[in-house]
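Colleague: Please take me through one chain of this model in detail, together with the surfaces where it meets the rest of the assembly.

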Amino acid sequence: MTKSTRIAGARRLLLRLLAVLAVFAVVAAACGNDDDDTTADAPATQAPTAAATEAPAPTEAPVAEAPVSDRCGDPARLGNSINFLNWADYIDVGILEMFEEECGVSVTMDTHTANEEAVAKVDAGNSGYSLVIVTDYAVEIMSSQGLLQALDMGEIPNVANIDPNQMDPYYDPGNVYSLPYQYSTTGFAFDATAFDAPPTSYSAIFDENPLCGQSSLLEDQREVLGAALVYLGYDWNETSQAAHDEALEVVLDARDCVTGFDSANYIGNLAGGEVLAAQSWGFAAGIAYLTNPNIRYIIPDEGGTIWQDNFVIPADAPDPYTAHVLINYMLEPDIGALITEYTIGYTPNLLVPPLLSDDYHEVVSGAGLELTDEIRDRLVWQVRGEEHSIFADTWSQIIAAG
Amino acid sequence: MAEHTAPSTSPGPSSTRAPARRRVAPLLAPGLLWISVAYVVPGLLVVVYSFLTPKLGGGVVWEATLDSWDQIVAKGRRSTAGWGTVGAAVLRGAAAAAAVSVPAVAAARYLGRRISASLALAALLGALVAVNHLAAEYNNYTAVFARSVVWSALATIICIGLALPLAVFISSRRSPVTKNALLIAVMIPFWTSMLVRTYAIRFLFANTGPLNNLLETLGLDRIVFLNTRFAVILGLVYTALPFMILPLYAAAERVDRAQMEAARDLGARPPQVFADVFLPMVKPGLIVGGVMVFVLSVSQYLVPTLLGGGKTNMIANLLELQFGEAFNWPLGAAIAALFSVVTLVSLYATVGRRDQEQFL
Amino acid sequence: MSRRRRGARAPKLAIGSASALVYAFFYVPVAVLVLFSFNSARTGGRWAGFTTDWYSALADNDRLLTATWNSLFIAIISTAIAVVLGTMLSLALDRRVFRGRIAAQQVVYLPVIAPEIVTGVALLAFFSLTLGHLNDMLGRGAQDAIRMGRPTIIIAHVAFCTAFVALVVRASLRTLDPSLEEAAQDLGANGWTTFWRVTLPSIMPGVLGGALLAFTLSLDNFVITFFVSGPGATTLPIEVFGQLRRTISPEVNAISTLIFGASTLLLTGALGIQSAVSKRRSRPDGDRGPSSAAAVRPDIGHRNPDAGASQKSYPSNPQLIGGGKP
């Protein structure tokens with residue numbers, strides 16, 4: 001009896017182990033399969049986005065002919081692999097496969113969903129990442145903490161392709177540590193069918209809000225409070241207590257009428273009609289437009305923000321040379337076009353616009369994403385210094401409210 | 001593996017204490033060491049951090065300061081808070097105690113028990129209500145604490161309500177195969193990503209989603225469900241329910257049905273059998289499940305983020321702000337340290353002393 | 001159980017329907033995601049036609065497959081370690097008397113009460129400190145440094161999983177009469193044999209329940225995992241959370257459906273085998289086997305001395321999770 005109990009116990013255990021192994025087998029088989037497929041036409045077939053499914057393949061998807069092209073730097077110094085930390089869902093992964101195909105460097109990309117996460121990881125030391133993409137203010141913070149190494153522009157000849165307007169930014173004068181990857185703006189997206197006349201001011205959310213219960217604000221202390229501040233006539237980066245007290249009132253009033261402070265779901269919500277107006281990132285309005293062509297994007301009269309994501313190389317990067325080569329590769333016009341088709345952001349690369357597909361241009365003009373000089377004049381950069389901690393204090397009270 | 005016939009050492013007359021003293025270290029050390037490395041040391045680090053200076057970009061500057069605590073205590077105080085708030089809290093507590101004592105005393109009478117326990121329960125509840133009101137109205141930080149604790153407590157109660165019938169249902173199946181099938185059916189959904197399922201819940205309950213469409217078809221008004229307290233509490237229940245079901249089932253499985261039969265045969269009414277025979281027997285499972293549901297809920301991040309939409313926030317959202325965008329790790333550490341105390345106190349206040357020693 | 005009393009129907013019906021409701025609560029969202037995995041529309045909730053495209057796309061989606069593999073790998077290893085450590089801990093805390101027991105207890109349950117995000121940040125600070133020293137000691141530079149990755153994730157997961165296992169197993173131990181183990185020892189069984197033959201079979205529901213909870217917790221953990229992960233160690237929740245910036249891709253629904261289907265199939269298969277085994281065993285073995293080793297049988301000495309009288313037809317049952325009381 002004892003023995004049989006034990007055997008039963010052992011059998012039970014074995015069954016469970018088998019179950020687990022079988023799950024493994026299924027996954028492993030699936031993993032194995034994809035090695036057989038060639039990845040030459042990768043970007044066109046695999047880009048997992050609305051952009052890629054609904055827009056045809058980019059104009060010049062280059063197929064690697066030679067194992068090592070002249071876009072791969074010095075083969076003797078080039079590493080075999082590189083770790084890359086990027087914003088989530090911010091590149092067509094086919095590009096990384098093309099780089100591997102062309103230059104023989106396998107790229108392991110991990111993603112972050114906030115600059116603070118990336119800063120924390122690099123700050124911890126020996127993160128293992130040789131290339132990181134972070135937004136403007138994070139570059140300033142990281143370089144001031146000594147977390148970045150100066151870029152060697154001699155290894156990045158394609159720097160000549162970059163729009164001078166996007167160079168020499170406030171957060172990195174002279175581009176010592178960073179080069180622009182993509183940039184975009186923060187403004188206001190709405191469903192044109194819901195408005196008789198398109199809104200032009202933040203009052204559409206902060207004051208009369210005709211779409212109570214069908215509009216949302218971003219979940220971002222700087223963007224929401226900044227919008228409230230400019231709506232009240234202050235500067236977007238204002239740090240005085242009095243101004244923040246007023247802004248807090250405005251946001252708390254609006255809170256009852258917005259469906260939420262939402263940076264994650266609102267793109268789908270806009271596309272699906274769940275919300276009809278939302279404070280929005282520019283590229284996000286473009287993505288929503290792909291599903292719902294009634295989506296329009298504006299920078300309100302009071303102003304909006306411009307932001308730029310950048311390549312940086314951590315001070316303790318294992319393979320800075322390969323990182324330089326990868327940066328240069330992504331600044332190639334054809335690759336830059338693939339990136340921008342995917343992100344629906346703005347490219348800092350002057351050679352890219354002619355290569356962009358009609359579909360991209362259709363999205364940009366259809367959704368009202370053109371960045372004219374008149375609009376540029378209304379945009380400000382968000383600055384983050386010690387004194388801007390007041391934004392978090394104000395925002396804490398909004399969190400405390402509900 | 002120990003062989004079937006391995007008697008040898010005879011440990012003498014049954015005293016569990018003597019051999020126990022000798023062998024506790026090998027049993028205890030590995031697990032304790034592991035948890036200490038991963039939690040105690042970092043936990044102490046958190047306490048230390050709360051007295052340091054924030055560094056732009058995250059982390060700390062090693063300069064001692066009380067700024068974070070000052071921020072919580074002084075700057076966190078609401079402008080509207082004052083003696084009126086205290087008075088209101090006391091009134092509310094008294095009202096709650098009075099309201100609860102009536103049914104509690106009635107229940108005690110019905111079950112043939114002394115009413116002193118019921119009165120004590122009512123008093124405790126009243127005190128909790130008063131403290132909660134004070135926390136919610138007095139200080140911006142403790143307001144988030146109070147909300148997190150109350151919602152988690154509600155989620156725990158709902159979980160108990162849902163898990164009890166299920167545990168009884170499963171444990172009263174005869175075939176072990178059926179039991180296992182039913183238990184496995186509880187767990188399987190939880191092996192697919194929580195995020196994906198929460199997303200599905202969002203879809204179901206959206207203003208333009210199937211449930212609201214159904215309401216409209218039936219000629220009713222659409223209900224705003226997402227980004228409300230209701231959605232968040234439902235999400236808490238959804239994520240934590242299996243953590244109540246499993247221990248409760250394990251306890252219900254051991255319930256002696258003969259005893260319940262006997263009680264019934266002796267003329268006990270079903271509620272009496274439930275309260276006097278069944279509940280005491282499943283108490284260990286109830287407490288373990290309750291503790292797990294509560295603590296898992298109270299520090300939930302994804303549920304308030306995905307279903308609360310930034311409008312209904314819990315403690316983790318506040319911490320996320322400080323450790324993330326705000327770059328104020330010391331303040332985050334201070335909030336976390338304080339919140340750990342709040343969680344502990346809530347647990348100790350609810351789980352009686354005798355039960356703590358026994359089950360916790 | 002055997003004697004149905006009059007009027008017992010109504011509560012039975014209530015219990016049954018309440019249970020059905022709970023299952024519906026669990027399965028409706030799963031049904032939605034399964035449905036979406038076959039929806040040809042990429043975004044939005046509208047049904048645009050049936051397709052299996054997302055499943056074929058999945059085969060090419062290296063990132064998602066790697067993340068799934070990472071999640072399973074980490075969950076399985078962490079659960080295995082945590083079940084052993086957690087059971088040992090609960091035995092020590094429940095069956096032993098020693099100085100500092102209360103303190104040890106508090107430490108063990110620390111992971112249960114600590115907010116995840118704090119643990120995550122604290123662990124990041126801690127690992128970066130220790131790994132930094134380790135790398136200095138080993139003289140490793142930027143190229144070959146020991147970094148965070150799957151091992152650090154497993155260390156973190158084992159820690160909180162152990163606490164949950166210990167909690168659940170202790171609840172089982174509480175209901176197990178220690179005199180049973182004493183009886184076994186009096187009859188000459190040594191500590192190990194007693195544990196293996198008496199204690200473990202009796203607390204098996206708790207151990208397996210703890211294992212299931214640990215596995216689920218590890219598989220779904222997002223916050224802590226994010227902070228302690230490193231290059232190439234992205235898990236499924238992290239990958240999915242990243243996608244929320246746009247919308248969850250249908251491929252995520254597809255892999256979730258596959259995981260759901262695979263676990264259902266496998267566990268159903270295991271149940272089938274179990275059912276066959278228990279049927280076969282119940283015949284030749286009869287009700288109570290020869291009782292020479294009665295003292296080390298788990299069912300003797302249980303709180304319920306007349307368990308045999310309660311007319312249960314199945315003998316020592318090889319249950320997956322349930323059971324313990326034959």
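Modeller: I begin with the neighbouring chain. Chain A is divided into domain 1 (40-183 + 308-356) and domain 2 (184-306 + 364-400), with bounds that come from an automatic or database domain assignment. Everything here is a predicted model, in which local features need pLDDT of at least 70, side-chain atom pairs count only at pLDDT 80 or more, and totals for chains, interfaces and linings use all residues. Residues are numbered from 1 along each chain as its sequence is written, while chains are lettered from A and ligands numbered from 1 in the order in which they are written.

The C-alpha centres of the two domains of chain A lie 28 Å apart. Across their boundary, 13 residues of domain 1 of chain A are in contact with twelve residues of domain 2 of chain A; two residues are in contact if their C-beta atoms, placed from the backbone, lie within 7 Å. On the domain 1 side, the elements that give two or more residues are helix 3 (50-54), helix 6 (136-144) and strand 4 (178-191) of chain A. Helices (H or I, at least four residues) and strands (E, at least two) are DSSP runs, numbered from the N terminus. That side of domain 1 of chain A has eight nonpolar, three polar and two charged residues, where Ala, Val, Leu, Ile, Met, Phe, Trp, Tyr, Cys and Pro count as nonpolar, Asp, Glu, Lys and Arg as charged, and the others, Gly among them, as polar.

Where chain A meets chain B, the contact takes 30 residues from chain A and 28 residues from chain B. Helix 16 of chain A gives the most to the chain A side, with seven residues. The chain A residues there divide into ten nonpolar, twelve polar and eight charged.

Six residues of domain 1 of chain B are in contact with eleven residues of domain 2 of chain B. The largest share of the domain 1 side, five residues, comes from helix 4 (residues 116-138) of chain B. By class, this side has five nonpolar, one polar and no charged residues.

Helix 13 (residues 315-323) of chain B is mostly covered, with nine of its nine residues buried; among them are B:Ile315, B:Asn317, B:Glu320 and B:Phe323. These buried residues pack against helix 16 (389-400) of chain A, against helices 5, 11, 12 and 14 of chain B, and against helix 5 (116-138) of chain C.

Between chain B and chain C, the contact takes 98 residues from chain B and 112 residues from chain C. Helix 1 (residues 17-49) of chain B gives the largest share of the chain B side, 22 residues. That side has 70 nonpolar, 17 polar and eleven charged residues.

As for confidence, chain B averages a pLDDT of 86, and 91% of the residues score at least 70; pLDDT is the predictor's confidence in each residue, from 0 to 100. Over residues 1-21 of chain B the pLDDT is below 50. Where pLDDT is low, the predicted coordinates should not be read in detail.

Definitions and conventions: Buried ≥ 20, exposed ≤ 12 C-beta atoms within 10 Å, placed from the backbone.
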